[in-house]
Amino acid sequence: MDTGIVIGEDQLARPAWAATDPMMREYYDIEWGMPVRDEHGVFERLSLEAFQSGLSWATILRKRENFREAFAGFDPDTVQGFGEDKVEELLGNAGIIRNRAKILATIKNARATIELREDCGLAEFVWSFKPEQTPTPRTMAEIPTTSPESLALSKALKKRGFSFVGPTTMYALMEALGIVDTHLVQSHRRGTSGVWPA
């Protein structure tokens, strides 16, 4: 059975996608799946997941610093004020993904993030969809791409005025934020978030 696990030269077990590219390995080892519970952190990851839609995560990760610069460090208060001139400037920025719909969605989502402050705030809202249990995948094929909770989160965010928040994108967000742990059972990162046991 091909589990998709690769043992690195450091003798640590990782999925193949995180085993060779040093950038992806560092992201996997340090950041991916660790809890993010602040508005700024959740808004940045929500935005990057939207830009990733239809592309590889490596493409987004390579451009992350460019995205941060272009979108004012993903500060919702600043981004929500971006007008047409700024949109045109972003469309001319080769350092990011130049997709008008995704750029406009990021601005719209910044406004929706600000409106959510009147309720519980974006981070608490997203974390409220944490499931009662997390998957325990032994192979890459066993890792889900959606869940009832990601579908519910997608619908709830759309109702609150968010865009580019489909169920698959929201599942990827939940993985990135540590809301679910989809590290393979054999991985050295399984259970390291403190949210779920190994």
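Searching the whole structure turns up 1 cavity of 30 Å³ or more. A cavity here is a set of points on a 1 Å grid over the protein atoms alone where a 1.4 Å probe fits but cannot get out; grid points are joined across faces, edges and corners, and a volume is the space filled by probe spheres set on the points. The model is a predicted one, so local features need pLDDT of at least 70 and side-chain atom pairs count only at pLDDT 80 or more, while totals for chains, interfaces and linings use all residues. Residues are numbered from 1 along each chain as its sequence is written, and side-chain values use heavy atoms, with hydrogens and water left out.

The largest cavity holds about 30 Å³ of space. Its lining (residues with an atom within 4 Å of a point) is made up of Y27, E31, E44, R45, L48, W57, R64 and A176. By class, that gives 4 nonpolar, no polar and 4 charged residues, where Ala, Val, Leu, Ile, Met, Phe, Trp, Tyr, Cys and Pro count as nonpolar, Asp, Glu, Lys and Arg as charged, and the others, Gly among them, as polar. Helix α2 gives the most to this lining, with 3 residues, and α1 and α2 each supply at least two. Helices are DSSP runs (H or I, at least four residues), numbered from the N terminus.

Then there is the largest pocket, with about 500 Å³ of space. A pocket is an open set of points with protein on both sides within 12 Å along at least five of seven lines. Of the 23 lining residues, W32, Q52, W57, A172 and E175 are the closest to the centre of the pocket. Two or more lining residues come from each of α1 (22-31), α2 (39-52) and α10, with the largest share, 6 residues, from α10. The lining of the pocket has 14 nonpolar, 7 polar and 2 charged residues.

A nonpolar core is a set of buried Ala, Val, Leu, Ile, Met, Phe, Trp, Tyr and Cys residues joined through side-chain atoms within 4.5 Å; buried means under 20% relative accessible area (1.4 Å probe, protein chains only). Contact means heavy atoms within 4.5 Å, and beyond four places in sequence F71 is in contact with F51, V79, F82, L90, I96, I103 and T106.

Next up is α9 (residues 148-159), which includes S150. At 1.5 Å a residue, its 12 residues should span 16 Å, and the end C-alpha atoms are 17 Å apart, which agrees; the expected span is 1.5 Å times one less than the number of residues. Buried in α9 are S150, L153, S154, A156 and L157, and these pack against α2, α8 (122-127) and α10. S150 counts as buried because its relative accessibility is 0%. Neighbours up to four places away aside, S150 touches P167, M170, Y171 and M174. Just after α9, G161 takes a positive phi of about 100°.

T113, in helix α7 (residues 100-116), is likewise buried because its relative accessibility is 0%. T113 and V185 are 72 residues apart in sequence and 34 Å apart in space, C-alpha to C-alpha.

Notes
Buried < 20%, exposed > 50% of the residue type's maximum accessible area, 1.4 Å probe, protein only.
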